[in-house]
Every structure is written in C-alpha cells, then in structure tokens.
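This briefing goes through one protein model and its ligand, topic by topic. Keep the structure open while reading.

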Amino acid sequence: AKNVGILATEIYFPPTCVQQEALEAHDGASKGKYTIGLGQDCMAFCTEVEDVISMSLTAVTSLLEKYKVDPKQIGRLEVGSETVIDKSKSIKTFLMQIFEKYGNTDIEGVDSTNACYGGTAALFNCVNWVESSSWDGRYGLVVCTDSAVYAEGPARPTGGAAAIAMLIGPDAPIAFESKFRGSHMSHVYDFYKPDLASEYPVVDGKLSQTCYLMALDTCYKYFCHKYEKSEGKQFSLSDADYIVFHSPYNKLVQKSFARLVFNDFTRNASSVDDITKEKLGPFSTLTGDESYQSRDLEKASQQVSKALYDAKVRPTTLIPKQVGNMYTASLYAAFVSLLHNKNSELAGKRVILFSYGSGLTSTMFSLRLHEGQHPFSLSNIATVMNVAGKLKSRHEFPPEKFVETMKLMEHRYGAKDFVTSKDCSLLSPGTYYLTEVDSMYRRFYAKK
Ligand code: ACO
C-alpha cells in the first residue's frame, strides 16, 4: 500500500464548557493568569451523562455515517486513552457494539495507554498494519478519547475533553512520511495516576513542563538525524510548513516552538535569520540544564520566533485553546484545527507533529498532505467536521456549575448501581449518552 495515512477525521467535544476568564475570577487567580498566562480561552468538560465511551461512540458513528463507510469495511480498530473506566475491558470492546450489529466481529486491535501518547501509539499501529503483510485490504480506525480533569488547584484550568476518530488507509490525503520519526522514551514521575480510586492525576507541574521541552529537543534531534541520513541535506524548520504540538495549554506550545527555533540556531546558525542569530547568540554557551532554566532565553527565543509562530503554529491552536487539554486527542485536535483553518491550501505541504505523554513517551513525525479524492479530500474533511458550527453551538456554564459537576463526577467515578439524569437536552442529535451503571458495574448508553 502507498501513501498510507489519514483518509478522514471526526471530532466530538462536549457542548458544556466554562470560560477561562470566568474561572480565573472564580478561583481568585490574578486577572489574565489562565487566558494570557496559560493562553487558554475556554474548557470543555463532561457532565454526568457523558464519558470517554459515549464520546468515542459518537465520534465513530458520526465518521462512518458521514463518509458512508460500511462498518464491515473496518478491519482494525485501535483506541488511545488514559481515562480508566475499567482495568481490564478495553474501550475498543464497547465500540464493537457499532460493528456487531452489522455482523463484523473480525476487527483487530485493543487500547493503548500512556498518558497523552496512547493515541499516537494507536495511530502508528494502524498505519503499520496497513503497510504490513497482515493487512487484509480493509480500513483501520483510530480513536483518541479522554476526559482530562484535575483536582482543585493550579492544574484544574488545564483540563478538557474530546474524542477524535481517524480513518486509516492507502492513497490518503494525509500521508505518513514514515521514514522521518524521532522518539524519546524515559522513566520519570512528572504526571501519573497511581491512585486507582481517583480520576485525578498526581502531577508535578514544573517537572512536566521541563520533561516536555527536553523530550521535544531530543525528538527533534533524532528526527533531524533521520531526515539528514535519508535526504543527504540539513533539516531546519524551513523544511516544515506547519508544526503541530501536543497542547496541554497554549503557553507551552508557544514556548515549544521558540525552543525549536533555538535548536535550529544551535544546530546550524546559517538556518536562522540575522536578528535571530544576534538575539540568541548570548545563549549559545548555556548547558542543556541551564537553557531550560533561563527566563531570558525563553523571552528572547519567543520574541524572535513570533512571526514564524504566527505562520507555522497559530493555525493549529484553535480547538486546543477553546476546548482545553484533551490528553490523547489534544495533538490531533490541534491537527484538525489546521485542516479547519487551511483545508485545500494544505495540498503539497509538510506538517510535523510532536506527541508527548508523561511518564514519559514522545515522538516527532511527519505528514505530507495532498488534496485527495472526494470524499477523502482535504476540503471535504474540513466541511464534514464543521468545527466552527460545533464551537458555536456550545453552552457556557458558570464556574460554580462546573465545580458542582466535578464534585458529582468524583462521586460517580468507580461507582455502581445508579441511573443518570438522562438529561440530553444540551446534546445534539446523534450524540450518545450514559443512562445507567447497574449493580454489576455494567454501563448502558442511549443515542439522542
Ligand atoms: N497575567 C498573565 N500571565 C500570568 C498571570 C497574569 N495575571 N499570572 C501568572 N501568569 C503566567 C506566569 O508568569 C506563567 O507564565 P510563564 O510560564 O510564561 O512564566 C503562567 O502564567 C503560569 O503560571 P505559573 O504560576 O507558572 O504556574 P501554575 O502554578 O499556575 O501552574 C501548570 C501551571 C504547571 C501548567 C499547571 O497548570 C499544571 O500543573 N498543569 C498540568 C500539567 C501540564 O499540563 N503539564 C504539561 C505537560 S504534561 C501534560 O500534557 C499533562
């Protein structure tokens, strides 16, 4: 199979959200801390009728319906998620309800888990399958689904929730340049979920930021080496039209891009312009560790990279800023923001993605885009996703109501023997919702 990659995408996020400006005031944080300091506009969250299973049921059903894909045509289904509902039964098996109805139970794949990286592992599994000798000619389907919630405190505004479904096959408008991949994997305790009774992570915020940036540097180094070995020429950011980052919050994405510009400067100063050379010159002798601590370097590199950020990164930031961190779905929500903003203009462009999952696992990889053939074309994917429509039809909750919802969800996490309100008035038609968890912890869903 040639040009294996993403044929179509669908995104779902809960219609319930809270404005960061309102949350900031409610939490007693200084004005601008969440909106400018973290760079976030709004945050989506699941109410008691939604969870990672209902969101993924909605995303998968919607993708299959909108692209008229026969459920029998799916040969592999992989899920990435870090939201634990069951320690044994995979989310993938819940999604089998969609396929069993059509008599298709011949579908490989289960769930992949490591913080925000599981979706990338799932995606690589599907792409590798289509490229392999075990491929049976059918489509792969990747689902990233997470509800990111934090205990009260500074991490809470970096939550979010969404599910993304991606159809995988040959001759894709969004094709993998599989030769160009750099990974960095390491044992650290920056963010983890050791308390199985709680949905909330244990998080060392500062360490997680540094780990993210160190992983970015290392992946970029390996990525450049592989490109250079294969192509026989230097790689720099000028060889990428867009860079998409895993987005815990937008400020980290701004810092990450600036960090890549600093990498280009230290790797090969002739790849950056004269102003950048001049402004970053004083930092060229810093050790790695010093460079992560230097506020002056952070400021100088963000300043010199601003115009490039606007061109290569800003078009990817819409959904992550509006919905928040969606864990496994965050990187792909950033990527579909780019499809939404640029659609057909992306034909012929190279897009580099950086996936990071705490703990830690990370990969930088490359996609080459083509217009493609209807219905699997860049312009049609953007139209069908209808990102603008989905963002516009949301319902803003006041912070008090958000906090109340979080309390109820804490109570419901791991619980059995309850029925939900079944209130689906805010959900759009076609959305799945949770109705009941019975005395055997079995979960039941309905479709609006
Ligand atoms: N106006 C403008 N900016 C402000 C204001 C204000 N009134 N107040 C603070 N800020 C800025 C700070 O200067 C800082 O910006 P800087 O990083 O450029 O210096 C920023 O707002 C954040 O404030 P801090 O006090 O540094 O951080 P805080 O203690 O609030 O925690 C953190 C932020 C660590 C991101 C926290 O939200 C967290 O732990 N989140 C979860 C972990 C996470 O997302 N890690 C990222 C990678 S791992 C993953 O994906 C889960």
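**Arg350 and its surroundings**

Leaving aside its neighbours within four places in sequence, Arg350 is in contact with Glu177, Phe180, Tyr227, Phe235, Asp239, Ala240, Asp241, Tyr242, Ser366, Leu367 and Arg368. The model is a predicted one.

- Arg350 is part of strand 12, which covers residues 350-357.
- Is Arg350 buried or exposed? Its relative accessibility is 7%, and because buried means under 20%, Arg350 counts as buried.
- One of the contacts of Arg350 is polar: its side chain pairs with the side chain of Glu177 at 2.7 Å.

**The ligand site**

- There are 27 residues around the ligand, and those that come nearest are Lys31, Lys33, Lys251, Lys255 and Arg295.
- Sorted by class, this shell holds eleven nonpolar, ten polar and six charged residues.
- Which helices each supply at least two residues of the shell? They are helix 2 (33-37), helix 6 (205-231) and helix 7 (250-267).
- Helix 6 gives the most, with four residues.
- An N or O atom in the side chain of Lys206 is 3.0 Å from an oxygen atom of the ligand.
- At Pro154 the backbone is involved, with an N or O atom 2.9 Å from a ligand oxygen atom.
- For Thr158, an N or O atom of the side chain lies 3.3 Å from a nitrogen atom of the ligand.
- On its own the ligand has 1000 Å² of accessible area, and the protein covers 79% of it.

**Nonpolar cores**

- In soluble globular proteins, nonpolar side chains tend to be buried together.
- The largest nonpolar core here has 89 residues. Within this core, Phe99, Ile168 and Leu339 have the most contacts.
- Leu339, with neighbours within four places in sequence left aside, is in contact with Thr9, Ile174, Leu346, Leu369, Leu378, Ile381, Ala382 and Met385.
- Another core, of 50 residues, lies apart from the largest one; Phe45, Leu297, Ala300 and Phe354 are among its members.

**Helix 4**

- Helix 4 spans residues 91-100, and seven of its ten residues are buried, so the helix is largely enclosed by the rest of the structure.
- Which residues of helix 4 are buried? They are Ile91, Lys92, Phe94, Leu95, Met96, Ile98 and Phe99.
- Phe99 is also one of the residues with the most contacts inside the largest core.
- The cover over the buried residues of helix 4 includes helix 3 (52-66), together with strand 4 (74-80), strand 5 (111-112), strand 6 (139-148) and strand 17 (443-447).

**Helix 14**

- Six of the eight residues of helix 14 are buried, so this helix too is largely enclosed by the rest of the structure.
- The buried residues of helix 14 are Leu378, Asn380, Ile381, Ala382, Val384 and Met385.
- Leu378, Ile381, Ala382 and Met385 are among the contacts of Leu339.
- Among the elements that cover the buried residues of helix 14 are strand 1 (5-12), helix 3, strand 8, helix 13, strand 13 and helix 15 (387-392).
- Just after helix 14 comes Asn386, with a positive phi of about 50°.

**Backbone points to check**

- Most residues other than glycine have a negative phi, and most peptide bonds are trans.
- The peptide bond from Gly359 to Leu360 is cis, and its omega is near 5°. Leu360 belongs to the loop between strand 12 and strand 13 (361-369).
- A cis peptide bond also runs from His374 to Pro375, with omega near 5°. Pro375 sits in the loop between strand 13 and helix 14 (378-385).
- Asp171 has a positive phi, near 55°. This residue is in the loop between strand 7 (160-169) and strand 8 (174-185), and it is exposed, with a relative accessible area of 57%.
- Tyr327 has a positive phi as well, near 50°. The loop that holds Tyr327 runs between helix 12 (318-323) and helix 13 (330-342).
- Is Tyr327 buried or exposed? At 1% relative accessibility, Tyr327 counts as buried.

Conventions
Residues are numbered from 1 along each chain as its sequence is written. This is a predicted model: local features need pLDDT of at least 70, side-chain atom pairs count only at pLDDT 80 or more; totals for chains, interfaces and linings use all residues. Side-chain values use heavy atoms; hydrogens and water are left out. A nonpolar core is a set of buried Ala, Val, Leu, Ile, Met, Phe, Trp, Tyr and Cys residues joined through side-chain atoms within 4.5 Å. Buried means under 20% relative accessible area, exposed over 50%, partly exposed in between (1.4 Å probe, protein chains only). Contact means heavy atoms within 4.5 Å. A residue is near a molecule or strand if one of its heavy atoms lies within 4 Å of it. A polar contact is a pair of N or O atoms within 3.5 Å; within protein, one must be able to donate a hydrogen and the other to accept it, and residues adjacent in sequence count only if both atoms are side-chain atoms. Accessible areas come from the Shrake-Rupley method with a 1.4 Å probe; for residues, only the protein chains shown count as cover. Ala, Val, Leu, Ile, Met, Phe, Trp, Tyr, Cys and Pro count as nonpolar, Asp, Glu, Lys and Arg as charged, and the others, Gly among them, as polar.
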